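Biologist: I have a new model on my screen. Please show me how to read it.

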Amino acid sequence: MKKLFAIAWKDAIVRFASSSELLFFIILPLIFTFLLAGGTPSNNDDNRVRLVVVDQANTVISQNIIAELDRSTAVRPEVLSLDEAESQFDSRRATVVLVIPADLDLQAIQDGTAQVDFRQQPNNLNATVAERAVQTALRSVSSAVNAANNAVKTAEENGAFKSETDRQAYFDDALKLAQTMQADAPERVTVVEGSTPDRIEYDPRASSSAGQLITWVFIPLFGISGLFAYERQQGTLRRVLTTPTSKATYLLGTISGQVVMALVQMSLLILFGSLVMKLNWGREPLALFVILTAAALAAGAIGTTMGTFIKTEGQASGLSIMMGMVMALMGGCWYPLELFPAVVQNIVKILPTTWAMQGLLDLVLRNGSLIQILPEAGVLLGFAAIFFSIGVMRFRYE
């Protein structure tokens, strides 16, 4: 046991000899997890396109336009000052900006001279959606005004007005009636939703958090191959022959040390997800420990096998990053597997990242238990057994 601890401690010192290792061990994983998971809206957020509105007119008509936009299912208006709107637009924090000029009033609508300033970022689909929503809101407001004008004209033909005051009062009443009738108009599209509740409430934040955890932990575990290459280049593996340390002890110490460090790293990322992003990681702690341990063993086994083929530490570093990224991408860590073709979904089952991701999502999204994640854990342990066997058989000191 002392030898195992000594080997693991030695590898930890070598790994963290440079302070930059902390950047990849915890700092970058936390940053990417926060940006990709924390910045992903949950299902309860308003997913309408944000539309920045500058109301320079501040009239009843401009307020009616904003109210129509607020009722839209496509855009979410946010009223800002002109300076703030232009600043956000120039820095591309705002996709679209609607400026309602000071001269847009009821008279401009009646005369047909009303114009608005609509600004949009180039080649942006959200801008196209917002533009159509603005056109719909303007048509809705102008149609109510046109209806009131038509009512006034009809009343004028019948000599209903004795003064301009009577005419204006009649117009105001007609406009209110037209707006009320628009608001009370029946929906022209009937939406029918299924009454069966969805058993799974998908949270993209949880999926992103799990994907980043697997990505950033698998890469350094694949990097076990670099440890073997480094030791082989330095000649320290040959010196093991002169000590009473067996090959099995050396391998077990090296692999177990890296697996323990991976579990520490995963625990920190899970704590971050639970405390900062309020993800439900702690519901089944035993099941979570099982799937994380199985995933770490599988990745460590692959790194061990890679170490028997790779000659230099530089080769190991490049190949570990490449394989980690590719497996994470194809295993559903960056994008849901449901977005891939059915053929690809079946092919990627040969990757441990697919099973690790499936097990984590079963826990954090599908409220799975230990029994439900045992198949994924079993497959990962199968990966570990196969690749550990290959690595041990091929291991050489030279």
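This is a predicted model: local features need pLDDT of at least 70, side-chain atom pairs count only at pLDDT 80 or more; totals for chains, interfaces and linings use all residues.

Biologist: How many helices and strands does the protein chain have?

Modeller: Helices (H or I, at least four residues) and strands (E, at least two) are DSSP runs, numbered from the N terminus. The protein chain has 16 helices and four strands.

Biologist: What share of the protein chain is buried?

Modeller: Buried means under 20% relative accessible area, exposed over 50%, partly exposed in between (1.4 Å probe, protein chains only). Of the 398 residues, 42% are buried.

Biologist: Is helix 15 mostly covered or uncovered?

Modeller: Covered: eleven of the 13 residues in helix 15 are buried. Among them are Met357, Leu360 and Leu363. The cover includes helix 8 (204-222) and helix 16 (370-394).

Biologist: Why does Val52 count as buried?

Modeller: Because its relative accessibility is 0%. Val52 lies in strand 1 (residues 49-55).

Biologist: Which residues is Val52 in contact with, leaving aside neighbours within four places in sequence?

Modeller: Contact means heavy atoms within 4.5 Å. Beyond those neighbours, Val52 is in contact with residues including Glu78, Leu80, Ala85 and Val97. Val52 and Thr95 are 43 residues apart in sequence, yet their C-alpha atoms are 8.3 Å apart.

Notes: Residues are numbered from 1 along each chain as its sequence is written. Side-chain values use heavy atoms; hydrogens and water are left out.
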